[in-house]
Amino acid sequence: MQSYERSQVDALVERLNEPVSRIIAIFGPRQCGKTTIVHQALAKVPYPFRYEAVDQPPAREPAGPVRPAVAEVRSAASPRGTEWLVGVWQQCAEEAARFGSKFVLVLDEIQKIPQWSETVKGLWDADRVSGCPLHVVVLGSAPMRIEADLTESLAGRFERIRATHWSFDEMRGAFGFDCDEFVFYGGYPGAAGMRSNFERWRAYVTDALIEPHLERDILGMARVDKPALLRQLLELGCMYSGQELSYKKMRGRLEDAGHESTLARYLRFLSAAGLLTGLFKHSGTPLQQRSSSPKLNVLNTALMSAVVGLDFDDSREDRHHWGRIVESAVGAHLVNTASSATNVRYWRDGGQEVDFVLQRGPRLVGIEVKAGRSRPRHSSMMEFERRFSASDSIVVGDTGVPLHEFLSEPADHWLRSP
């Protein structure tokens, strides 16, 4: 993994080579390689830097002189609160003035510092007045919390670099995954080397990925009155991924589910953490879309495989189950790669159904996934095209676009004009 570079590395290098104008914010799900992206980018630029992992204990200062361009120095100050942040920032600003060129400050897991965004706003604005050439890069594994802080306190002062779950092309390039392996084992690079031992792989996904996501990125960052319900909802979503499930039905399958609004709120938390999303139904009005039953979809199929518990061979032999994993892989790929201007939904009306709907502006594309399905749904696609004047329709698998080809292109690729 260390030698493989994601596209975000070049994006960060490009921004570091530009004049200092905005804070660079890199956020995404846990274990998607954000820290590696930063270190690989820093190795490609000539500027001195300081990297600080807020959630780790301070390390000793290095003995002897260290080349500024590769120094990784941590402050001995503790605890790491706003006073510590101000001190580190001012030290780096002084270093930038001393070198007479750019200096890069990286703050990893920035959300661990209470009220960090207000502090950063004051420091950043002061640097703009003085002309300090200090590049600031912030990272975090709680996208919902970080994006809210950025939007509320740092509007106009930051630029995002989005780090999502690893794609099929990335897992193939870094670990030699074939398409079926990616569909089943998903896009967690840290688990890739364990796929020959299913029980070990499953334990790692459950204990080292799912639990930290829940404990640190949701329960530690947002008000959750029913933690057990949040865990049940994630498990239910993994079991029913690829299926439309009303909140009423969810309440019937969950203990102490409470009001439907609570489930909707918890589902938004899971989606923001990169675990599970609920797709809206495509319809003529936004109100109808938001009041529809969600179609549950894991955002990394490793979660589905780990929770369901069938190993790779058994999953492939179960045609119905394999079809749902494939459909979930397609849904996760679309959500993870869609631009901010593109909506990913589904459509159903009675017995008519289209698995996924992409919309960007006036362009509308229906997507049908055929893997594991006993019969095609050509009539559903035709009805969808007639009713909504769709720009195009795509069948994934069988005689349509091969699955490996579809998973090799981002969602917006399929919205381009023919």
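Phe177, Phe184, Tyr185, Phe198, Trp201, Phe312 and Trp322 form one aromatic cluster. The model is predicted, so local features need pLDDT of at least 70 and side-chain atom pairs count only at pLDDT 80 or more, while totals for chains, interfaces and linings use all residues. Residues are numbered from 1 along each chain as its sequence is written, and side-chain values use heavy atoms, with hydrogens and water left out.

**Aromatic pairs**

- The whole structure holds 17 aromatic pairs (rings of Phe, Tyr and Trp, the last by its six-membered ring, with centres within 6.5 Å; planes under 30 degrees apart are stacked, over 60 edge-to-face, the rest tilted).
- One of them joins phenylalanine 184 and phenylalanine 312 edge-to-face, at 5.6 Å centre to centre and 75° between the planes.
- Phenylalanine 184 belongs to helix 7 (residues 179–185) and phenylalanine 312 to helix 14 (residues 312–317), so the pair ties together parts 128 residues apart in sequence; helices are DSSP runs of H or I, at least four residues, numbered from the N terminus.
- Both phenylalanine 184 and phenylalanine 312 are buried (under 20% relative accessible area, 1.4 Å probe, protein chains only).
- Tyrosine 266 and phenylalanine 269 form a stacked pair, 6.2 Å centre to centre with 25° between the planes.
- These two residues, tyrosine 266 and phenylalanine 269, lie 3 residues apart in helix 11 (residues 260–272), about one turn of the helix.
- Tyrosine 266 counts as buried because its relative accessibility is 1%; phenylalanine 269 counts as buried at 9%.

**Charges over rings**

- Arginine 128 lies over the face of tryptophan 124, 3.9 Å from the ring centre (NZ of Lys or CZ of Arg within 6 Å of the ring centre and within 35 degrees of the ring normal).
- Lysine 295 lies over the face of phenylalanine 356, at 4.2 Å from the ring centre.

How values were computed. Buried < 20%, exposed > 50% of the residue type's maximum accessible area, 1.4 Å probe, protein only.
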